Amino acid sequence: MIHSKKLSSKVGVYCLLIAGVVISIAPFYWMLVGSTLPSGEIFRLPPKLLPGDYLAQNLQSLNESLGFAKIFWNSLFIALVYTLVSTLISSMAGYAFAKFTFKGKNFFFFIILCTLMIPSQVTLIPLFEMMVTFNWLNTYQAIILPTLASPFAIYLMRQNMKSVPDSIIEASRVDGAGELKIFFTVILPVTRPAMAAVAIFLFMSQWNSLLWPLITLNSKEMFTLPVALSSLIGMARIDYGQLMLGTTLSTVPIMIFFLLLQKHFISGILGGAVKE
Amino acid sequence: MEQTEKVVNTKPNFRVKSRKSLLTPKNVPYVFIAPAVLLILIFTVYPVIFSFILSFQEVRGVEKSFVGFANYTRLFQDPVFYKSLLNTFQILIVQVPIMLFLSLLIAVGLHSSMLKGKAFFRISYFMPAITALVAASIVFMILLDEHFGLVNYLLSFVGIEAIPWLTTPFWAKVSVILVMTWRWTGYNMVIFLAGLQNIPSELYEAASIDGASKVKQFFMITIPQLKPVFIFTVVMSTIGTLQLFDEPFILTQGGPNNATMTITLYLYEAGFKFFDFGYASAIAYVLVIITAIISWIQMKLAGDES
């Protein structure tokens, strides 16, 4: 009796959890199917649940209306450069804040913490004016530079650098290693997991970012993926097959990386909120 | 240049020494923080200050003139601004509790030790959190179509008539809430799950020995132990919702009849549709103040109880 009650409650929990999984995953499946259908078929009732054969045509029309390869490249280039440089900058700053005592340390760290608290929307208008003055609208640097020093990444790297034992730094100094050498050959290798998490966090926030690129990019060939997708919606007649394919192409690469590196990914996207 | 090379060639040790004198343990921290600090000063601190000044100015083309509090007085007489505030708070008050409740529920379900396939569930639930908000909004825009959307089609089987998701003020807000909940529930669930795993099992063992029921254990151990995690998710979700932009921008463009106009969407329109930079800066500063007040209240509440 007790046993069967336990069993049925277990089955109940399973059913609810699986229903949740279906809700989480179904939109992805439907997006994939939609990318292989012509616009009209996407809105057919009953809905088509199996892939069609319109993928090539959707790709062609997507390329015609947006020049998709260039847009994909824009997004990828911006996100990669941003991630590499930003991870390095925040590791350097994090290291200095964690392992050195110097005049003004608290002051500088306080400034960084303050910017962490302020909604980024406040900077939009002056930054836009700055980009106009520099003649930087529609450039990669306009997207990359303003958020290149991420206070959040600096904070996370500082927390992680703190756990590096002082003794290994001292030992390297005694051996006569220069400060740069210590940083690159001693510190960075031991903080690799934290760097990976920070890098994924930075990559995702840049890859998915809409508002700032929307403001600074107005020429089609400089669009990033989110801006390009939002521009498709603004059209008088939306081609939904094309839209679904664009959405798929912006999501699938991330999905593959996620499935390959899920643990790093989860702690990265959660910004180190979860330690594993 | 030539000389250095010579030195390097003849006595390699000199090179090490000369580098050492360039970067000493004393000056090296400044070198290491320099890029970050410079970038933050130029691209964050300066704009934050400049935006404050702008909020007291009127901008006409390249000409700027000080107008005192005019932008702010205009703001507080602007019905659309009030509407955007109200919408943002309505979405906040409904969405955050629902989402966090669901997250906690799933996390507790997954944490119960008998369950198999935990890793599979965890990955599946986390999937929405890796999608761009733009992508999620586009997919839902189509799913929620009134006449041909999959959601209404499925609802028709249980006898629910077609819901005008995106075209009526009430349902448009519900749609935004739906997309947000779909996108963020798994994200928060994983945070709760980690929190649950960090609760020492001895606490439960001791409670079992004392004869406390599972339900009692949940309220006496789980909930109090999860409090820091809970506060973290509440603060982060609140700050995120106050800055809501992508979902209403894609789903409804703030409509119908401004029903999904949010603070950030209004700021965007004022700034980059009407190029009213002074007014947009004033909106931005109201957002800063609201965020500061709410964060302060939440921190205060969290601090007082513990």
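**Domain arrangement, chain contact and nonpolar core**

In the predicted model, the C-alpha centres of domain 1 and domain 2 of chain B are separated by 42 Å. The domain assignment of chain B places residues 2–54 in domain 1 and residues 74–305 in domain 2.

Strand 1 (residues 57–60) and strand 2 (residues 63–66) of chain B are paired in the antiparallel sense through four bridges, and within this pairing Q57(B) lies opposite F66(B) of strand 2. Two residues stand between the strands of this hairpin, where G61(B) adopts a positive phi near 65°.

The contact between the two chains involves 70 residues of chain A and 73 residues of chain B. On the side of chain A that touches chain B, the largest share is contributed by helix 1 (residues 2–34) of chain A, with 12 residues, and the residues of this side comprise 54 nonpolar, 14 polar and two charged.

The largest nonpolar core contains 148 residues, and those with the most contacts inside it are A93(A), V198(A) and I269(A) from chain A together with A36(B), F140(B) and I283(B) from chain B. Helix 9 (residues 169–197) of chain B gives the most to this core, supplying 14 residues, while domain 1 and domain 2 of chain B each provide at least three residues. When residues up to four places away in sequence are left out of account, A36(B) is in contact with I89(A), S90(A), A93(A), A149(A) and I154(A); of these, A93(A) is, like A36(B), among the residues with the most contacts inside the core.

Notes:
Residues are numbered from 1 along each chain as its sequence is written. Chains are lettered from A and ligands numbered from 1 in the order in which they are written. This is a predicted model: local features need pLDDT of at least 70, side-chain atom pairs count only at pLDDT 80 or more; totals for chains, interfaces and linings use all residues. Domain bounds come from an automatic or database domain assignment. Two residues are in contact if their C-beta atoms, placed from the backbone, lie within 7 Å. Ala, Val, Leu, Ile, Met, Phe, Trp, Tyr, Cys and Pro count as nonpolar, Asp, Glu, Lys and Arg as charged, and the others, Gly among them, as polar. Two strands pair if DSSP finds at least two bridges between them. A nonpolar core is a set of buried Ala, Val, Leu, Ile, Met, Phe, Trp, Tyr and Cys residues joined through C-beta atoms within 7 Å. A residue is buried if 20 or more other C-beta atoms lie within 10 Å of its own, exposed if 12 or fewer, and partly exposed in between; C-beta atoms are placed from the backbone.
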